[in-house]
Amino acid sequence: MNQTLREICEHTGIPVSTAHRLLRPLVERKFVIRQRRGLYALGIASVEIAVRADIDSIITTATRPIMADLAKTCRRTVHLGVFRDNLVRYLVKAESGCRRSPSREEIELEAYCTAIGKALLAQLERDRLEDYLALGDFVPLTDNTIFDVDDLRQEINGVRRQGWAIDRGEMYPELRCLAVPIRGRTGLLAAVSVTEVCNDVDPEKAEQDLLTLFPRIVEAAEAVSDVLRMPGDEVREKRSNKT
């Protein structure tokens, strides 16, 4: 829950000057997020000391401003999703421009037929990916859906190599999406996507237009990664890379 500095002081009885001093290191260590001047919310690191904290709610709060900026920059709908129980859970949706996608926040969709889902699957360890593929029963939702297990494996491996995923109308025929993974957060599988609605746009041109936005999507994903990185993640990543 967001609180202003005044509200924090009223609830705690701490003077404003003291609250400023105490909040500064909490923000630096990401126990608290500074949303804007004088407005604060729980940060990702608070999960370590608040077992009952809602991690998805914290991720949503922490990343919404970044997603809003990306949507404004790209003039399109953007999403942030996480991998939950073999599904994609869309935590943040930000819209800009006149073309709106049918998605909504907190919806859970299949991973194999969306760009953000394929970006998530590409982050799985190979054994875990094989477990997912072994579930089978991948339904062709459109004429473009990749549902054959071997074809899907090849698609995911390609995403892993190139660092981005694209959805060519595989869930909704009129949508094209480009997604990139969010890296640098130990244990979290997340991704960011930008969506183009092709009702009056040539799909191939839409794909090319999305690819021109790739650097901006990567920049947003890196900003999200930085916000969500737990204290000590960098050390653990370095150790992991050495092994």
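**Entry 1: a salt bridge to start**

I began with R84 and D56, whose side chains meet in a salt bridge at 2.6 Å, N to O. For a salt bridge I need a side-chain nitrogen of Lys or Arg within 4 Å of a carboxyl oxygen of Asp or Glu. The two residues are 28 apart and link distant parts of the chain, with R84 in strand 4 (residues 77-84) and D56 in helix 3 (residues 55-74). My helices (H or I, at least four residues) and strands (E, at least two) are DSSP runs, numbered from the N terminus.

A note on what I am looking at: this is a predicted model, where local features need pLDDT of at least 70, side-chain atom pairs count only at pLDDT 80 or more, and totals for chains, interfaces and linings use all residues. Residues are numbered from 1 along each chain as its sequence is written, and side-chain values use heavy atoms, with hydrogens and water left out.

**Entry 2: more on D56**

Is D56 buried or exposed? I found D56 buried, at 10% relative accessibility. The cut-offs I use are under 20% relative accessible area for buried, over 50% for exposed, and partly exposed in between (1.4 Å probe, protein chains only).

D56 also forms a salt bridge with R89, and there the closest N and O atoms are 2.6 Å apart. This pair again links distant parts of the chain: D56 sits in helix 3 and R89 in strand 5, 33 residues apart. R89 is partly exposed, with a relative accessible area of 23%. Stepping back, I see D56, R84, R89 and E108 linked in a network of salt bridges. My search of the whole structure gave 13 salt bridges. As a reminder to myself, side chains of opposite charge can pair when their charged atoms come close.

**Entry 3: a salt bridge within one helix**

Next I looked up R153 and D150, which form a salt bridge with the closest N and O atoms 2.9 Å apart. They lie 3 residues apart in helix 6 (residues 149-162), so about one helical turn separates them. R153 counts as partly exposed at 24% relative accessibility, while D150 counts as exposed at 51%.

**Entry 4: S96**

Where is S96 found? I located S96 in the loop between strand 5 (87-94) and strand 6 (108-110). S96 is buried, with a relative accessible area of 10%. Its side chain makes a polar contact of 3.0 Å with the side chain of R75. (A polar contact is a pair of N or O atoms within 3.5 Å; within protein, one must be able to donate a hydrogen and the other to accept it, and residues adjacent in sequence count only if both atoms are side-chain atoms.) Leaving out residues up to four places away in sequence, I find S96 touching A71, K72, R75, R76 and T77. Contact here means heavy atoms within 4.5 Å.

**Entry 5: helix 1 and its surroundings**

In helix 1 (residues 5-12) I noted L5, I8 and C9 as buried. Down the helix axis, these buried residues fall within an arc of 95°, so they line one face of helix 1. The arc is that of the directions from the helix axis to the C-beta atoms. R6, E10 and H11 are exposed on the face turned away from the buried side. The buried residues pack against strand 1 (3-4), helix 2 (16-28) and strand 3 (39-42). After helix 1 comes G13, with a positive phi near 75°.

I count two strands as paired if DSSP finds at least two bridges between them. Strand 2 and strand 3 run antiparallel, joined by 4 bridges, and V32 stands opposite L42 in strand 3.

**Entry 6: helix 7**

Which residues of helix 7 (residues 203-212) are buried? I have A206, E207 and L210 down as buried. They cover an arc of only 100° around the axis, which puts them on the same side of helix 7. E204 and T212 are exposed on the other side. The cover over the buried residues includes strand 7 (165-168), strand 8 (175-182), strand 9 (190-197) and helix 8 (214-228).

**Entry 7: the whole protein**

Last, I noted the totals. The secondary structure comes to 9 helices and 9 strands, and 48% of the 243 residues count as buried.
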